[in-house]
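Trainee: Walk me closely through one part of this model, please: the helix packing. Take your time with it.

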Amino acid sequence: MSILGWIVVGFIAGALATRVTKFERRGCLFSILVGIIGAVLGGALFSAAGSHGVNEFDLWSILVAFIGAVLFLLVLQAIERR
């Protein structure tokens with residue numbers, strides 16, 4: 001997947017994850033960063049479970065990135081509450 005594909009998937013997944021978790025920080029760059037981190041995290045988790053992670057621009061990749069981004073934001077919220 002190209003850099004532009006990662007940015008688009010990251011933005012979509014990050015924006016959805018910030019809305020679902022009601023994370024206070026918002027913005028395009030934050031959403032892209034959260035989504036890309038979520039794609040890497042979700043891809044690693046799904047690969048470890050025997051499925052394929054993020055490898056092309058499709059709905060499956062957005063779902064994997066979204067799940068990873070939600071997990072990442074939940075960890076961030078737990079750390080911030082301490």
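Mentor: Handedness first: a crossing is right-handed if the near helix is turned clockwise from the far one by less than a right angle, left-handed if anticlockwise. It's a predicted model, so local features need pLDDT of at least 70 and side-chain atom pairs 80 or more, while totals for chains, interfaces and linings use all residues. Residues count from 1 along each chain as its sequence is written, and side-chain values use heavy atoms, without hydrogens and water.

Now α3, residues 59-81 (helices are DSSP runs of H or I, at least four residues, numbered from the N terminus). Helix α1 (residues 3-21) packs on α3 at about 45 degrees, axes 8 Å apart (lines fitted to C-alpha atoms over the stretch in contact, N-to-C angles from 0 to 180 degrees). The crossing of α1 past α3 is right-handed. Contacts (heavy atoms within 4.5 Å) include V9, I12 and L16 of α1, and I62, F66 and L73 of α3. By class, that's 13 nonpolar, 4 polar and no charged residues (Ala, Val, Leu, Ile, Met, Phe, Trp, Tyr, Cys and Pro are nonpolar, Asp, Glu, Lys and Arg charged, the others, Gly among them, polar).

Helix α2 (residues 28-48) also meets α3: the axes come within 6 Å and cross at roughly 105 degrees, so α2 and α3 are roughly perpendicular. Among the contacting residues are G35, G38, G42 and F46 of α2, with W60, G68 and F72 of α3. This contact has 15 nonpolar, 5 polar and no charged residues.

Beyond residues up to four places away in sequence, W60 touches F46, S51, H52 and G53. W60 is partly exposed, at 28% relative accessible area (between buried, under 20%, and exposed, over 50%; 1.4 Å probe, protein chains only).

Methods. Helix = DSSP H or I, 4+ residues; strand = E, 2+ residues; numbered from the N terminus. Parallel < 35°, antiparallel > 145°, perpendicular 65-115°, else oblique.
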